[in-house]
Amino acid sequence: MKRARASTVALEVLSAVLFLVFLFPFFLVLINSAKGSFEITQYPMSLPTDWMNIFKNAAAIWTSVNLHYPSSFLSSIIITASSLVLLNLLSAQAAWVLVRTKTRTSAAIFLVFIAAMVIPFQIVMFPLLTWFRQIAAVTGIRLLRSYTGILLAYLGFGLSMSIFMFHGFIKSIPLELEEAATIDGCRRHEVFYRIIFPILKPIHATVLVLNGIWIWNDFLLPLLVLGKGNAVMTIPLAVANFAGAYVKQWDLILTAILMAMVPIIIFFLAAQKFIIKGMVAGSIK
Amino acid sequence: MKRKDSHPLVFWLFLAPVLFAFVMVIVIPFFLGVYYSFTNWSSSARAGNALRLVGLENYVRIFNDPAFAYSFILTATYTVLNMLVINVVAFALALLVTAKTRLRHAYRAGFFIPNLIGGLILGYIWQFIFNNAVPSLGTLLGFASWADPANLVLARNTSALGALIVAGTWQYAGYIMVIYVAAIETVPVELHEAAQIDGASPLRRLRVITIPMASQAFTITLFLTLVQSFKQFDVNVSLTGGGPSTMFMGKPIYGTELLAMNIYNTAFISNDLAGGQARAVVFFLVLAVISLIQVSVNKKREIEL
């Protein structure tokens with residue numbers, strides 16, 4: 001019994017030490033966001049002499065024309081939220097008809113979606129730009145440097161995995177449920193929106209979390225589709241743009257990083273149970 | 001009620017939006033991309049009469065380019081080491097946070113948090129750590145040599161590769177840990193109790209109970225870390241930017257340029273779109289083959305266990 005207790009203490013200490021090691025980079029960002037450029041290069045490891053500096057740096061970031069923090073933050077929210085709504089609704093309804101329609105066409109479409117999961121972004125990214133430019137030239141619909149284009153892109157790149165997950169879940173929903181609704185007078189599309197869509201809650205969580213983390217943090221796709229220094233920028237794009245313009249100005253770069261991270265960390269701590277559960281459900285299948 | 005396909009209208013209407021996006025963003029660019037890789041595609045020869053087929057020329061150029069060979073070897077090395085380190089760390093963390101420690105939920109959240117930070121931002125944090133914090137720590141501890149610019153972690157390509165692995169592990173281990181935790185928690189407690197009564201040591205229980213029972217998770221985690229490592233771009237951009245430069249086969253090249261960055265730089269820095277596109281096709285083929293092999297090997301092993 002004594003040995004068991006000793007080993008528990010050892011585990012507790014080991015866990016605590018690793019926990020601190022994992023969070024130490026965040027701590028460094030925090031203390032150095034409250035320093036001036038001289039202090040940061042001379043004493044990066046020590047506590048700041050004046051914590052109030054953090055507000056001075058934050059104000060500089062908030063008003064920086066290279067970062068456009070307020071508008072970039074808003075763009076990130078618009079892009080992530082809209083993509084998630086589109087992905088969750090459209091992939092779910094697609095998955096439902098693919099599960100419930102037992103034809104060869106249906107099976108083939110599903111197979112193509114799944115096969116597309118091995119296609120890396122790299123092979124389509126350059127032609128995508130040319131293709132979007134051609135569409136704009138012919139139809140006048142601007143897809144580059146616009147919300148329309150990036151939302152279409154996220155729907156396209158996210159749908160395979162999302163359909164795959166919804167498909168797996170919908171297969172386990174008994175058909176009797178739908179038949180009962182049909183007898184009660186539900187029309188075909190109503191069966192989905194009224195009966196099926198609400199049941200999909202747990203898998204919606206997974207799809208939201210996995211796509212949400214991906215889209216919010218994505219860098220390469222916005223870099224190509226939106227471009228740096230454009231009116232519509234996401235947070236990663238803005239930080240890259242800023243870090244490129246202020247090379248080695250760590251006081252400002254780290255403050256920008258802090259301001260990019262804090263909202264996400266707060267969001268995570270608030271929705272932690274939901275997020276962790278969502279991630280697990282998705283990966284175990 | 002045997003009218004299984006009596007709603008073709010609903011079928012096509014429900015599929016229309018995703019099919020549209022899929023064709024626009026994946027199918028057309030994919031085939032265009034394969035086609036362009038056999039042409040002289042460039043920013044001036046985009047379409048129309050200037051664009052012409054050049055056969056395998058772009059592919060021949062790839063295999064004569066030392067920078068690509070170097071980048072390929074580097075990416076393979078990085079992928080293997082990164083997969084290894086992430087999975088070992090993640091599994092160890094999973095064992096720790098499933099032990100009956102008092103603060104295990106807080107630990108779990110703490111280890112997971114770096115995963116919420118995108119690779120780009122996280123790379124800048126680690127650049128600061130390696131370029132500023134580590135030298136300063138060296139001075140504090142009395143190792144003045146740490147502050148010598150030539151000794152910086154990011155100043156040599158082998159240690160810079162290590163830095164990429166450290167940053168990659170910090171980002172991804174928490175996510176993989178969550179998957180391992182879920183797998184470990186499905187192992188029935190009775191199994192451990194029975195083994196304990198039979199006198200099995202914790203290490204032996206780990207080897208004969210936990211690891212085999214978690215084998216399904218290994219298929220997923222190895223696949224995820226493989227793809228994640230092979231496609232790494234964001235951390236590469238912000239942490240090392242491809243540097244420092246080095247010599248390879250008599251040519252000066254970037255010392256830490258992973259394949260994804262090599263593709264990007266070929267197209268936009270060297271202004272060689274067709275060359276970049278051909279590299280992307282090779283990248284796709286390699287990724288497709290290794291992920292198929294990896295999944296089928298693991299599936300087979302999973303059944304045997």
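Student: Where in chain B does pLDDT stay under 50?
Tutor: This is a predicted model. In chain B, pLDDT stays under 50 over residues 1–5. The model has 5 contacts beyond four places in sequence for that stretch.

Student: And what is the mean pLDDT of chain B?
Tutor: The mean for chain B is 89. Of its residues, 95% reach 70 or more.

Student: What ipTM does the predictor give the complex?
Tutor: The ipTM is 0.91. The pTM is 0.91 too.

Student: OK, new topic. How many helices and strands are in chain B?
Tutor: Chain B has 12 helices and 2 strands. From the N terminus on, the elements run α-α-α-α-α-α-α-α-α-α-β-β-α-α.

Student: Is chain B compact or spread out?
Tutor: Spread out. Its radius of gyration is 24 Å, whereas the globule rule gives 19 Å for 305 residues, so chain B is more spread out than a compact globule. Along its principal axes, the C-alpha trace spans about 80 × 80 × 30 Å.

Student: What share of chain B is buried?
Tutor: Buried residues make up 42% of the 305.

Student: And how many of its contacts join residues at least 24 apart?
Tutor: Take the contacts between residues at least 6 apart in sequence. In chain B, 72% of those join residues at least 24 apart.

Student: Back to those strands. How do β1(B) and β2(B) run?
Tutor: They run antiparallel, joined by 4 bridges. Strand β2 covers residues 251–254 of chain B. One of the paired residues is B:S245, whose bridge partner in β2(B) is B:Y254.

Student: What sits between the two strands?
Tutor: A turn. β1(B) and β2(B) form a hairpin with 2 residues between them. In that turn, B:M249 has a positive phi of about 50 degrees.

Student: What kind of peptide bond joins B:G243 and B:P244?
Tutor: A cis one, with omega about -5 degrees. B:P244 is found in the loop between α10 (234–240) and β1 (245–248) of chain B.

Student: Now chain A. How many helices and strands there?
Tutor: 14 helices and 0 strands.

Student: What's its radius of gyration?
Tutor: Chain A has 24 Å. A compact globule of 285 residues would have one near 19 Å. The C-alpha atoms of chain A fill a box of roughly 75 × 75 × 35 Å along the principal axes.

Student: How much of chain A counts as buried?
Tutor: 42% of its 285 residues. As for contacts with a separation of 6 or more, residues 24 or more positions apart account for 69% in chain A.

Student: Why does A:H68 count as buried?
Tutor: Because A:H68 has 22 C-beta neighbours inside 10 Å, and 20 or more is the cut-off for buried.

Student: What about A:R145, where is that?
Tutor: A:R145 is in the loop between α6 (121–139) and α7 (147–171) of chain A. The phi of A:R145 is positive as well, about 55 degrees, and A:R145 is not a glycine. A:R145 is partly exposed, with 16 other C-beta atoms within 10 Å.

Student: Last one. How many residues are in the largest nonpolar core?
Tutor: 161. Those with the most contacts inside it are A:V239, A:I257, B:I121, B:M177 and B:Y180. The largest share of this core, 17 residues, comes from α6(B).

Student: And what is B:Y180 in contact with?
Tutor: Leave aside its neighbours within four places in sequence. Then B:Y180 is in contact with B:A90, B:F91, B:A94, B:A214, B:A217 and B:T221.

Definitions and conventions. Residues numbered from 1 in each chain as written. Chains lettered and ligands numbered in written order. Predicted model: local features only at pLDDT ≥ 70, side-chain atom pairs only at ≥ 80, totals over all residues. Core = buried A, V, L, I, M, F, W, Y, C linked by C-beta atoms within 7 Å. Buried ≥ 20, exposed ≤ 12 C-beta atoms within 10 Å, placed from the backbone. Contact = placed C-beta atoms within 7 Å. Rg over C-alpha atoms; globule rule 2.2 N^0.38 Å. Pairing = 2+ DSSP bridges. pLDDT = per-residue confidence, 0-100.
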